[in-house]
Amino acid sequence: MDAATHPIDMQHWTPNAHAEPSVRVGVILEADGRASVEFVLPDKPYTLTADNGKTQPVMPGAEVCIQVSGDGLIASWSGGTFGPSERLRIEPDDRVPAAPGAGVRVLDVVAGRGFHWQKCADQTLAGSLEFHAAPGGVVMVNELPLEDYLAGVITAEMSSACPVEFLKAQCVVARSWLLAMAEPKHQAEPFDRCNDDCCQRYQGTGDMSQPAVDAVGGSRGLVLLDPAAQVLDANYSKSCGGISELPEAVWGEPKPGLREVIDAPPGDPVGRFMPVTEDNLDAFLEGDWLTETKAYCSTHVVPVEAIGKYLGRVDEVDDYFRWSVAYTREKLETLLRDKLPEAAGLEELRDVRVTRRGVSGRAIEVELTWLDRSGQPVAHLLDSEYRIREVLHRGFLYSSAFAVRLQRGSAGEIESVTLRGAGWGHGAGLCQIGALGMALCGHDAAEICLHYYPDAHLETAYP
Ligand SMILES: [Zn+2]
Ligand SMILES: [Zn+2]
């Protein structure tokens with residue numbers, strides 16, 4: 001088989017393939033409930049293929065509508081129809097490389113599914129499109145070479161204003177994470193990854209930046225291998241807060257090649273806090289050392305004002321190195337009743353206590369105590385960093401690395417609860433703001449990658 005025209009798919013790729021795989025990205029999902037999808041071809045010839053192998057050329061620039069018809073799909077455009085077929089595929093006659101603005105413009109695609117900023121926008125996609133008739137509506141899959149896909153991911157994740165060595169490090173990490181395929185979330189669906197934060201945010205070529213394309217090209221095929229020579233499941237999050245977390249604390253089990261890292265140059269005072277415990281937590285969060293630290297994700301290295309310029313467009317901007325969230329007792333009680341079915345009968349919140357922490361200070365177990373309507377005490381455990389962040393915030397708490405400060409009244413009742421915290425995200429693996437800080441300090445992509453994954457090594461997996 002000719003590797004250039006029939007690239008190996010993600011499911012069958014191994015480092016021994018020495019070839020670039022293709023990726024299938026779910027861009028319109030069954031959950032979007034679409035009865036039809038419209039798109040506009042670029043000024044290039046494309047060809048439609050049906051399940052029975054029949055093909056039909058479509059002229060450049062055509063506006064095509066894919067519609068559900070009975071059990072199948074029909075494609076129509078001014079001058080032609082094609083189908084019905086359970087599956088329709090349209091691909092360019094010549095390869096369309098992922099360059100800014102290249103490819104098919106698909107109208108009204110959902111971005112940020114389920115988030116407060118969910119919106120509909122046109123998306124321009126390189127590669128081929130495949131449409132499936134699913135019971136809930138049309139599913140659209142964008143299939144394209146991995147490197148082209150990465151250029152779209154890097155564009156969506158980070159701003160092109162970022163230093164190029166940071167973008168290259170981000171490419172290596174995203175490529176490794178993707179090739180490790182450790183968390184397939186869509187096994188029953190006809191694609192490898194979806195286009196949202198659920199997997200990895202991807203917005204095609206419409207907003208693709210030349211620096212992102214260059215960073216992908218400049219790190220082509222480069223991946224992190226773990227000590228057993230397997231591609232590293234290279235997790236990352238926005239800010240570790242000074243010390244990165246162990247995978248055990250986040251996912252309940254170790255991962256090869258992933259361990260705790262002090263996110264600072266050697267000798268920095270943040271190293272004193274490894275591991276963060278109840279005893280040194282307050283000093284970790286608010287001590288005088290914060291005025292002198294050069295921790296890579298600290299505001300001394302990446303100033304708060306600069307974060308907005310470097311983070312992706314959809315992220316809120318704030319100080320993620322140290323933050324606090326405050327609730328009146330009533331407000332937190334309302335939140336708990338809304339978020340926890342078990343707290344429906346909560347009458348009065350009596351205590352909030354972190355009972356287990358990881359090395360970065362991230363709470364992995366929080367005990368809530370309240371009185372129910374009959375005055376009986378009830379204890380409830382939040383038993384993961386994810387659950388803690390989900391329950392203790394109206395949206396999602398920045399991180400679970402926080403100290404609980406309870407203000408109590410004269411009768412011992414809670415008046416207010418303040419969470420004083422560090423970092424943003426689960427904190428395991430590469431720290432994105434820290435990696436940005438390293439690049440701003442002059443470190444190159446390889447140094448950045450090996451700082452966060454000190455047991456891994458870099459290798460070019462395909463030419
Ligand atoms: Zn997904
Ligand atoms: Zn960090």
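Tutor: One definition before we look around: two residues are in contact if their C-beta atoms, placed from the backbone, lie within 7 Å. Keep in mind, too, that this is a predicted model.

Student: Okay, let me try that out. Which residues of α1 meet which residues of α2?

Tutor: From α1 you have Leu146, Leu150, Val153, Ile154 and Glu157, and they meet Leu167, Gln170, Cys171, Ala174, Arg175 and Leu178 of α2.

Student: How do I describe two helices that pack like that?

Tutor: The general idea is that two packed helices are described by the angle between their axes and the distance between the axes. Here, the axes of α1 and α2 are 10 Å apart and the angle is about 120°. That makes α1 and α2 oblique to each other, and α1 passes α2 in a right-handed crossing.

Student: Let me step back to the whole chain. How many helices and strands does the protein have?

Tutor: Ten helices and 23 strands. The radius of gyration is 25 Å, close to the 23 Å that the globule rule gives for 463 residues, so the protein is as compact as a globular protein of that length. Its C-alpha trace spans about 80 × 55 × 40 Å along the principal axes, and buried residues make up 45% of the 463 residues.

Student: And what share of the contacts between residues at least 6 apart in sequence join residues at least 24 apart?

Tutor: That share is 67%.

Student: Now the sheets. How do I read one?

Tutor: Strands of a sheet pair through backbone hydrogen bonds, either parallel or antiparallel. So you look at the order of the strands and the sense of the pairing. One open sheet here has seven strands in the order β4-β3-β8-β11-β12-β1-β13, with mixed pairing. At its edges stand β4 (55–58) and β13 (193–194), each with a single partner strand, so one side of each has no neighbour in the sheet.

Student: What packs on that sheet?

Tutor: Helix α1 (residues 146–157) does, touching β1 (22–28) and β12 (137–145), and its direction makes about 110° with that of β12.

Student: Can we zoom in on one pair of strands? In which sense do β8 and β11 pair, parallel or antiparallel?

Tutor: Antiparallel: β8 (residues 87–92) and β11 (residues 128–134) pair over four bridges.

Student: You said "one open sheet". What about one with three strands?

Tutor: That open sheet runs β17-β18-β19, and the pairing is antiparallel. Its edges are β17 (346–357) and β19 (377–382), each with a single partner strand, so one side of each is left without a neighbour there. Ignoring direction, neighbouring strands of this sheet are turned by 20° against each other on average. Strand β18 (residues 363–372) pairs with β19 over six bridges, and Thr369 has Ala379 of β19 as its bridge partner.

Student: Which helix lies across β17 and β18?

Tutor: Helix α7 (residues 329–339), running at about 80° to β17.

Student: Back to helices, then. How do α9 and α10 cross?

Tutor: The axes of α9 (residues 432–440) and α10 (residues 445–452) come within 10 Å and cross at roughly 140°. They are therefore oblique to each other, and α9 passes α10 in a right-handed crossing. Ala435, Met438 and Ala439 of α9 make the contact with Ile448, His451 and Tyr452 of α10.

Student: Why is α9 largely enclosed by the rest of the structure?

Tutor: Because eight of its nine residues are buried; among them are Ile433, Leu436 and Met438. The buried residues of α9 pack against α2 (164–180), β15 (236–237), α6 (304–310), β22 (430–431) and α10. Just after α9, look for Gly442, with a positive phi of about 100°.

Terms used: Residues are numbered from 1 along each chain as its sequence is written. Chains are lettered from A and ligands numbered from 1 in the order in which they are written. This is a predicted model: local features need pLDDT of at least 70, side-chain atom pairs count only at pLDDT 80 or more; totals for chains, interfaces and linings use all residues. Two strands pair if DSSP finds at least two bridges between them. Helices (H or I, at least four residues) and strands (E, at least two) are DSSP runs, numbered from the N terminus. Axes are lines fitted to C-alpha atoms, for helices over the stretch in contact, and angles run from 0 to 180 degrees between N-to-C directions. The radius of gyration is taken over C-alpha atoms; the globule rule is 2.2 Å times the number of residues to the power 0.38. A residue is buried if 20 or more other C-beta atoms lie within 10 Å of its own, exposed if 12 or fewer, and partly exposed in between; C-beta atoms are placed from the backbone. Angles under 35 degrees count as roughly parallel, over 145 as roughly antiparallel, 65 to 115 as roughly perpendicular and the rest as oblique. A crossing is left-handed if the near helix is turned anticlockwise from the far one by less than a right angle, and right-handed if clockwise.
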